[in-house]
Amino acid sequence: KYFAAYAPIEGPEKWSVVVVKPYHEITDALYQSIAIMVSVLVFLSFVAVFIAIKVANNISRPINTCVDRLERLADGDFHSESPVLKTRDEIEILGDSLKKAIDMVDLCIGDISSVVENIAEGNLDLTTKDCYAGDLTQVKASMDTIIDSLNVIMADINRSSTQVSSGSGQVAQAAQALSQGATTQASAVEELSATIDEISKK
């Protein structure tokens, strides 16, 4: 098969120019171009998929690490290390914020535990730490109020015990004086009884 094209030439002879080219020469070049484009497209598709997977892993891996730490936090684990992310984007900011929040709550819980333990041991000479922020400042204010109230109560108890001790001393002194008076009266009664006996004998 051949492709043919012609064009007339101006002149009295009315000649025409005919160009003939085999069909396979045209179709082979076309098929070759199609094959090259398909190969390039497949290659670019693989490259795009590889890049997409790599980017997705770079995003999902640190997020999954943060999710895992949040799940342990929900289970009451405040002491495990928080993830340190070096992604230089918003995910790193997320990791830093998570670490800051966990560290602050951990410090507050440690301070509350220390205060409660000291109160249980009878030590009321306490001050709470300055690690509370945001809504947690209400917890600090409540802890300070509890400590102040307990100190006032203990001071009242100490004053009352001192007054009771002083009163009991006074009662003891009065009882001793009463006892001495009773002894003196008993002696006087005995002397009076002896005098009466002597008079009756005479």
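Here is a friendly conversation about how some labels in this predicted model are reached.

Reader: What makes Arg-72 and Asp-68 a salt bridge?

Author: Their side chains meet with N to O at 3.3 Å. The cut-off for a nitrogen of Lys or Arg and a carboxyl oxygen of Asp or Glu is within 4 Å, so the pair Arg-72 and Asp-68 counts as a salt bridge.

Reader: How do you know that Arg-72 and Asp-68 are separated by about one helical turn?

Author: Look at their places in helix H1: Arg-72 and Asp-68 are 4 residues apart there, which means a separation of about one helical turn.

Reader: Why is Arg-72 called partly exposed?

Author: Its relative accessible area is 27%. Buried means under 20% and exposed means over 50%, with partly exposed in between, so Arg-72 at 27% is partly exposed. Asp-68 gets that label too, because its relative accessibility is 38%.

Reader: Why do Lys-99 and Asp-103 count as a salt bridge?

Author: The closest N and O atoms of Lys-99 and Asp-103 are 2.9 Å apart. That value is within 4 Å, so the pair meets the rule. Both residues belong to helix H2, residues 90–120, and being 4 residues apart they are separated by about one helical turn.

Reader: Are Lys-99 and Asp-103 buried or exposed, or something in between?

Author: Something in between! Lys-99 has 30% relative accessibility and counts as partly exposed. Asp-103 is partly exposed as well, with a relative accessible area of 33%.

Reader: What makes Arg-159 and Asp-156 a salt bridge?

Author: Here the closest N and O atoms are 2.1 Å apart, and because the cut-off is within 4 Å, this pair qualifies. Arg-159 and Asp-156 both lie in helix H3, which covers residues 137–201, and they are 3 residues apart, about one turn of the helix.

Reader: Why are H1 and H2 called roughly parallel?

Author: Their axes cross at roughly 15°. Angles under 35 degrees count as roughly parallel, and H1 and H2 therefore get that description. The axes of H1 and H2 also come within 10 Å, and H1 passes H2 in a left-handed crossing.

Reader: Which residues make the nonpolar surface patch?

Author: Leu-30, Tyr-31, Ile-34, Met-37, Val-38, Val-42 and Phe-46 make it, and the patch is about 720 Å².

Reader: How do you know that Val-38 is partly exposed?

Author: Val-38, which lies in helix H1, residues 23–74, has 45% relative accessibility. Because 45% falls between the limits of 20% and 50%, Val-38 counts as partly exposed.

Reader: Why does Ile-59 count as partly exposed?

Author: Ile-59 is found in helix H1, and its relative accessibility of 41% falls between those limits, so partly exposed is the label.

Reader: How many Å apart in space are Ile-59 and Asp-144?

Author: From C-alpha to C-alpha, Ile-59 and Asp-144 are 44 Å apart, and in sequence they are 85 residues apart.

Methods. Residues are numbered from 1 along each chain as its sequence is written. This is a predicted model: local features need pLDDT of at least 70, side-chain atom pairs count only at pLDDT 80 or more; totals for chains, interfaces and linings use all residues. Side-chain values use heavy atoms; hydrogens and water are left out. Patches are made of residues with over 30% relative accessible area and no salt bridge: like charges are joined within 9 Å, nonpolar side chains (Val, Leu, Ile, Met, Phe, Trp, Tyr) within 5 Å. Accessible areas come from the Shrake-Rupley method with a 1.4 Å probe; for residues, only the protein chains shown count as cover. Helices (H or I, at least four residues) and strands (E, at least two) are DSSP runs, numbered from the N terminus. Buried means under 20% relative accessible area, exposed over 50%, partly exposed in between (1.4 Å probe, protein chains only). Axes are lines fitted to C-alpha atoms, for helices over the stretch in contact, and angles run from 0 to 180 degrees between N-to-C directions. Angles under 35 degrees count as roughly parallel, over 145 as roughly antiparallel, 65 to 115 as roughly perpendicular and the rest as oblique. A crossing is left-handed if the near helix is turned anticlockwise from the far one by less than a right angle, and right-handed if clockwise.
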